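Hi everyone, thanks for making time.

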Amino acid sequence: GVVRLAWRDEYLVGLLAVSESLSSTAWVRLAAVQNHVDQAAVLGALWTNVQPELLELGVRRVSLLIIRDWIEPIAAQLGFRHTDDIVTLRRSSAALPDFKMPDGLTIRPTELEDLPTIARVDHAAFAPPWQLSLRELRQADRISASCTVAVRDGQIIGYQLTTLYFDGAHLARLAVQPAEQGGGIGAALVYDLLARFWRRQVHSITVNTQASNTRSQRLYTRLGFHHNGFNLPVWTADL
């Protein structure tokens, strides 16, 4: 990735970090400015300074997840626009949903040699900027509490990755090959992870998805997830 620091005399007053490029897109991973300075001016200077390097690296679009309200008007001034929202759903039931596994499908834990194939599934299932790089997948696999693949006829056609936190689990990633979508593969992966955590007496599970991804929201709702109202806007700028 690319990092820029803003200094006033000997004091650090701002920081901007942008992720590595993937499919000509990148994410703002961190934007921070001291309270006692002109935040718009500092962030604007950082953004102007970093753009030439991003263009040299092949980045043509940068996305920003708005977690704090202060940055929204500044993002608009810098050329970002609201493009989507991240919505969160939660399942708290201790009962497993009724589900029949599709014929010929096997769910098994991920092996290290699966990761390049999983990356190809991920890139086929998601459009930029939602894709994960192979390096990001390796890191996510290392910290996951459960990472499984769906296999049919010896081929990996989907995967899920879930992490644990202090009072539950979080389904961080679910992807299915586009040609296999609609056939119950995603539901099978989610049901299997629910059963795995049920055996560990973990019943609270959250998941994030795009507001525009209505198919995934229907899947989660069928399996007992409910929107919890915690939404975050995504803003995007074209370089």
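Let's begin with Ser23, which sits in the loop between β2 and β3 (25-33). When I say helix or strand, I mean DSSP runs numbered from the N terminus, with helices being H or I of at least four residues and strands being E of at least two. This is a predicted model, where local features need pLDDT of at least 70 and side-chain atom pairs count only at pLDDT 80 or more, while totals for chains, interfaces and linings use all residues. Residues are numbered from 1 along each chain as its sequence is written, and side-chain values use heavy atoms, with hydrogens and water left out.

Back to Ser23: its phi is positive, about 55°, although Ser23 is not a glycine. The cut-offs are under 20% relative accessible area for buried and over 50% for exposed, with partly exposed in between, using a 1.4 Å probe and protein chains only.

Asp153 also has a positive phi, near 55°, and is a residue other than glycine. You'll find Asp153 in the loop between β7 (146-152) and β8 (155-165). Asp153 is exposed, with a relative accessible area of 73%.

Now look at the start of the chain. Strands β1 (residues 2-8) and β2 (residues 11-18) run antiparallel and are joined by seven bridges; for two strands to pair, DSSP has to find at least two bridges between them. Val2 has Val18 as its bridge partner in β2. Two residues lie between the strands of this hairpin, and Asp9 there takes a positive phi near 55°.

Next, please find β5, residues 81-91. Which strands does β5 pair with? With β12 (residues 232-238), the pairing is antiparallel over five bridges, and Asp85 is partnered there by Pro233. With β10 (residues 205-210), there are six bridges, again antiparallel. With β11 (residues 226-227), two bridges make an antiparallel pairing, where Arg90 meets His226.

Let's stop in β10, at Thr209. Thr209 stands opposite Val87. Thr209 is buried, with a relative accessible area of 5%. What does Thr209 touch, not counting residues up to four places away in sequence? The list is Asp85, Ile86, Val87, Leu89, Ser216, Gln217 and Tyr220, where contact means heavy atoms within 4.5 Å. The side chains of Thr209 and Ser216 are also joined by a polar contact of 2.7 Å. That term means a pair of N or O atoms within 3.5 Å; within protein, one must be able to donate a hydrogen and the other to accept it, and residues adjacent in sequence count only if both atoms are side-chain atoms.

Over to helix α5 (residues 185-199), where Leu193 has its place. Leu193 is buried, at 1% relative accessible area. Leaving aside neighbours within four places in sequence, Leu193 is in contact with Gln160, Thr162, Leu171 and Ile205.

One more loop: Pro129 lies between α3 (115-125) and α4 (134-143). The peptide bond from Pro128 to Pro129 is cis, with omega near 10°.

Finally, the whole chain. There are six helices and twelve strands, and 46% of the 239 residues are buried. The C-alpha atoms fill a box of roughly 65 × 35 × 30 Å, taken along the principal axes.
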